[in-house]
Amino acid sequence: MSQDLWLQNYDAACRLAQEIAENIHERNRQQRTGGNPAKLNMTLRASLQKLKQNIAQLRETLNQTSAQRRIMQAEANRRQTLVDDLATREMRLNASFKGDLLEAEPSRSSLMTGGSGSGPAGNPWLVNESEETRGLSFGEIKHHQQQIIEAQDAGLDALAAVISRQKQMGQEIGNELEEQNEIIDDLAQLVDKTDSRIKNETHRVKLLDTKSASCELKGIKSIACKW
């Protein structure tokens, strides 16, 4: 018996989330090594949008299935938890992507306004320096940025591990449902066979009752003839 379609879509969404985490990790690596992550950024934007749509579709399908009582309430609650966890991971991935992107690609408007966001500036390249980097040399600032990226990479690695565990959970739930469905099929076949045997036995009893009544009637007639 094939796996439940909802669980198949959930597994696909988990794989997409893990792929996004890996791509953000690779994008960070390219930033550290001076590469050009523009292509990866475009891929990540499209993947994040697709993941958001997949989660919305999972929610909608789950609500419809639950309303039609096609699954048990306990299973509906468990799937709702899976979707909520996946939505949380999507938000974290989106925040990580946007946060890294803002650090790596300052907006054109901020460059044109000297970081103020409005009004002209005498020198468009003057940007307010943060307290964390003020007074540091270029090498120290670069090292500080690398530490930030490494911390983000560690967080993404942990997130990828969580996604992998959630995917395994989904697969185990699917396997359990398959086993339960097979048991239900076997029970249905057994009930059908039992029902058929009961009908046959009932028919035989009716025939015996008919024959017994006929014999009794003949016996009565025989006694009447002797009288």
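Me: What separates Glu-201 and Arg-204 by about one helical turn?
Reply: They're three residues apart in helix H5, so about one turn lies between them. Helices here are DSSP runs (H or I, at least four residues), numbered from the N terminus. This is a predicted model, where local features need pLDDT of at least 70, side-chain atom pairs count only at pLDDT 80 or more, and totals for chains, interfaces and linings use all residues. Residues are numbered from 1 along each chain as its sequence is written, and side-chain values use heavy atoms, with hydrogens and water left out.

Me: What makes Glu-201 and Arg-204 a salt bridge?
Reply: The rule wants a side-chain nitrogen of Lys or Arg within 4 Å of a carboxyl oxygen of Asp or Glu. Glu-201 and Arg-204 come in at 3.5 Å, N to O, so they qualify.

Me: Why is Glu-201 called partly exposed?
Reply: Buried is under 20% relative accessible area, exposed is over 50%, and partly exposed is in between (1.4 Å probe, protein chains only). Glu-201 has 43%, so partly exposed it is.

Me: And why does Thr-65 count as buried?
Reply: Its relative accessibility is 11%, so it falls under the 20% cut-off. Thr-65 sits in helix H2.

Methods
Helix = DSSP H or I, 4+ residues; strand = E, 2+ residues; numbered from the N terminus.
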